[in-house]
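Here are a few exercises to work through with the model open beside you. Try each task before reading its solution.

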Amino acid sequence: MTEGRSYRFTDFLCRRPSRSVARGIRDESGPDPDPALFESQHDAYVQALMDVGGNVTVLPAQEEFPDSVFIEDPAIVTSGTAIVLRPGAASRLGEAAALRPSLAEIFAEVVDLPGAGFVDGGDVMLTDDEALIGQSARTDQEGFDALARVLVDFGYRARRVDTPPSILHFKTDCGLLDSETIFASRTLNATGCFDGYRVIEAPEGEEAAANLIRVNDHVLLSAGHPRTEDLLTSNGYDLKVLDTSEAAKVDGGLSCLSLRFALGTTR
């Protein structure tokens with residue numbers, strides 16, 4: 001196990017939000033995201049990644065795929081290898097194939113998820129030595145089994161998590177704070193899926209804050225969660241707070257807006 005490989009990164013891959021983003025998948029009706037504001041918030045997100053110690057490659061928007069700004073769902077990256085997934089929503093199936101050429105330009109090895117199962121990257125949390133993979137409406141048992149077999153070659157043991165039906169993606173309600181600590185909603189933590197980890201629970205009413213990301217020495221957190229800010233600061237975490245209001249309108253958050261990796265393990 002490489003200590004800190006779950007949050008020590010040098011490079012990031014993002015994709016610009018499309019003008020068609022309002023046509024993206026969402027569980028509930030509500031106001032459409034403002035494309036211009038989404039672009040501005042995305043720019044701030046990219047700048048934050050640069051500020052915490054990384055180089056960012058930003059791919060052009062793909063109008064034919066409204067959800068393509070959420071680049072972590074069709075692929076995950078570990079140990080210098082990109083693993084192209086098979087998203088569980090029919091409208092997103094083409095995103096993986098469209099992303100693959102860009103991945104091949106960066107990574108020495110690109111692996112396709114074998115079989116016919118489905119996995120969304122939003123259901124996969126990689127700790128230093130374990131892959132927690134949530135079963136959800138987007139990730140099925142066949143997909144879990146296939147990804148587990150792939151990840152064993154990179155030193156991960158896979159843990160299946162039965163994500164509560166009220167939670168879209170596993171990482172909608174949790175985020176890694178360090179090698180041993182996870183921040184999660186009370187609902188997700190109550191399932192017992194984090195056995196063996198230290199868990200800090202999101203304050204009641206601030207469950208959306210759980211979709212955070214640890215990047216090097218900072219934690220990126222969505223704005224609008226003052227009690228979470230106080231809680232994490234008191235636990236010694238250095239925060240960068242970002243407005244993600246437009247991504248939230250189409251069920252997106254901080255983790256799905258980038259692929260994060262260490263350049264030292266790529267070509």
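**Exercise 1. Is arginine 8 buried, partly exposed or exposed, and what is its relative accessible area?**

Solution. Start with the ground rules: this is a predicted model, where local features need pLDDT of at least 70, side-chain atom pairs count only at pLDDT 80 or more, and totals for chains, interfaces and linings use all residues. Residues are numbered from 1 along each chain as its sequence is written, and side-chain values use heavy atoms, with hydrogens and water left out.

Next, the classes: buried means under 20% relative accessible area, exposed over 50%, and partly exposed in between (1.4 Å probe, protein chains only). Arginine 8 has a relative accessible area of 36%, so it is partly exposed.

**Exercise 2. Find the salt-bridge partner of arginine 8 and say which parts of the chain the pair ties together.**

Solution. Apply the criterion: a side-chain nitrogen of Lys or Arg within 4 Å of a carboxyl oxygen of Asp or Glu. The partner is aspartate 217, with the closest N and O atoms 2.8 Å apart. Arginine 8 sits in the segment before strand 1 (11–15) and aspartate 217 in the loop between strand 12 (213–215) and strand 13 (218–222), so the pair ties together parts that are 209 residues apart in sequence. Helices (H or I, at least four residues) and strands (E, at least two) are DSSP runs, numbered from the N terminus.

**Exercise 3. Where does helix 2 bend, and which of its residues are buried?**

Solution. Helix 2 (residues 93–106) bends by about 35 degrees at arginine 100. The bend is the angle between axes fitted to the seven residues ending there and the seven starting there. Proline 101 follows within four residues of the bend.

The buried residues of helix 2 are Glu95, Ala96, Leu99, Ser102, Leu103 and Ile106. An α-helix has 3.6 residues a turn, so residues three or four places apart point the same way. The cover over the buried residues of helix 2 includes strand 1, strand 2 (55–59), strand 3, strand 4, strand 5 (109–112) and strand 15.

**Exercise 4. Examine the backbone at serine 79 and aspartate 251: what is phi at each?**

Solution. Recall the background: most residues other than glycine have a negative phi. Serine 79 has a positive phi, near 50 degrees, and aspartate 251 a positive phi of about 60 degrees.

Then place them. Serine 79 lies in the loop between strand 3 (75–78) and strand 4 (81–84), and is partly exposed at 39%. Aspartate 251 lies in the loop between helix 6 (245–248) and strand 15 (259–261), and is partly exposed at 33%.

Conventions: Contact = heavy atoms within 4.5 Å.
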